[in-house]
Amino acid sequence: MAVHHALPTTSPSTAKTLRLEPYSYEVTEHSCSERGFKRQGGWEGPLVIVDAGEATIVDQATVDADLRVQAQLATDAAITAQRSEENLAPLKRRIGTKLCRDHKSMTFIGYTEAVSPDLDRIQIRVVAQTFGPPKHQPVPDYRPEIIWDAPINWRLCE
């Protein structure tokens with residue numbers, strides 16, 4: 001039996017579930033000594049598998065309600081992250097603040113040197129580049145540089 005469009009989700013009870021979109025299937029079994037059999041079937045609504053061996057068919061209204069809840073949770077998380085960034089932005093703009101930026105497996109370390117009065121940019125003196133966590137070994141031939149960048153691209157160093 002082939003299954004298409006499997007979307008892992010989590011239910012409110014934190015049990016792992018798997019949602020399978022509507023589709024049709026056909027199972028055929030043949031052996032040399034028998035005539036074999038053929039089964040056809042399918043379902044119209046999404047199939048939700050809660051635990052191995054259990055399956056429940058839910059209606060579209062339930063699926064839509066779950067999607068609305070997930071969308072609201074994602075929106076709330078984005079708002080919380082934005083508010084957190086808004087609270088940190090003044091600290092990042094303070095002259096002398098130590099900032100870090102992670103890029104792939106590298107971490108750049110710098111200090112705020114100036115703030116643009118009309119643009120949302122800060123001048124950063126990047127003094128070091130390290131190979132990322134956990135050891136943060138410095139890149140031996142890194143040359144310090146001065147850049148202008150948006151505060152949102154940097155985090156406060158610990």
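## Order of helix and strands

Going along the sequence, the chain reads β-β-β-β-β-β-α-β-β-β-β-β-β. That gives one helix and twelve strands; helices (H or I, at least four residues) and strands (E, at least two) are DSSP runs, numbered from the N terminus.

A quick word on the source: this is a predicted model, in which local features need pLDDT of at least 70 and side-chain atom pairs count only at pLDDT 80 or more, while totals for chains, interfaces and linings use all residues. Residues are numbered from 1 along each chain as its sequence is written, and side-chain values use heavy atoms, with hydrogens and water left out.

## The chain as a whole

Of the 158 residues in the chain, 25% are buried. Here buried means under 20% relative accessible area, exposed means over 50%, and partly exposed is in between (1.4 Å probe, protein chains only). The accessible surface of the chain is about 11600 Å², and carbon and sulfur atoms account for 55% of that. Accessible areas come from the Shrake-Rupley method with a 1.4 Å probe; for residues, only the protein chains shown count as cover.

What about contacts (heavy atoms within 4.5 Å)? Taking those between residues at least 6 apart in sequence, 37% join residues at least 24 apart.

## The disulfide

Searching the whole structure turns up one disulfide, meaning a pair of cysteine sulfur atoms within 2.5 Å. The partners are Cys100 and Cys157, with their sulfur atoms 1.7 Å apart. The link between Cys100 and Cys157 is right-handed, with 110 degrees about the S-S bond. Cys100 sits in strand S7 (residues 98–103) and Cys157 in the segment after strand S12 (155–156), so the pair ties together parts that are 57 residues apart in sequence.

Are these two cysteines buried or exposed? Cys100 counts as buried because its relative accessibility is 7%, and Cys157 counts as buried at 16%.

## From S7 into S8

Follow the chain on from Cys100, which lies in S7, and you get to a hairpin: S7 and S8 have two residues between them. The two strands run antiparallel and are joined by six bridges; strands pair if DSSP finds at least two bridges between them. One of the bridge pairs puts His103 with Met106 in S8.

Lys104 is in the loop between S7 and strand S8 (106–115). The phi of Lys104 is near 55 degrees, a positive value in a residue other than glycine. Most residues other than glycine have a negative phi. Lys104 counts as exposed because its relative accessibility is 79%. S8 is another story: seven of its ten residues are buried, so S8 is largely enclosed by the rest of the structure.

## S9 and its partners

S8 and strand S9 (residues 122–131) pair in the antiparallel sense over nine bridges. Met106 has Phe131 as its bridge partner in S9, and Ala114 stands opposite Gln123 in S9.

S9 has other antiparallel neighbours too. Five bridges join S9 to strand S11 (residues 145–149), with Arg125 partnering Ile146 in S11. Two bridges join S9 to strand S10 (residues 137–138), where Phe131 has Gln137 as its bridge partner.

Terms used: Contact means heavy atoms within 4.5 Å.
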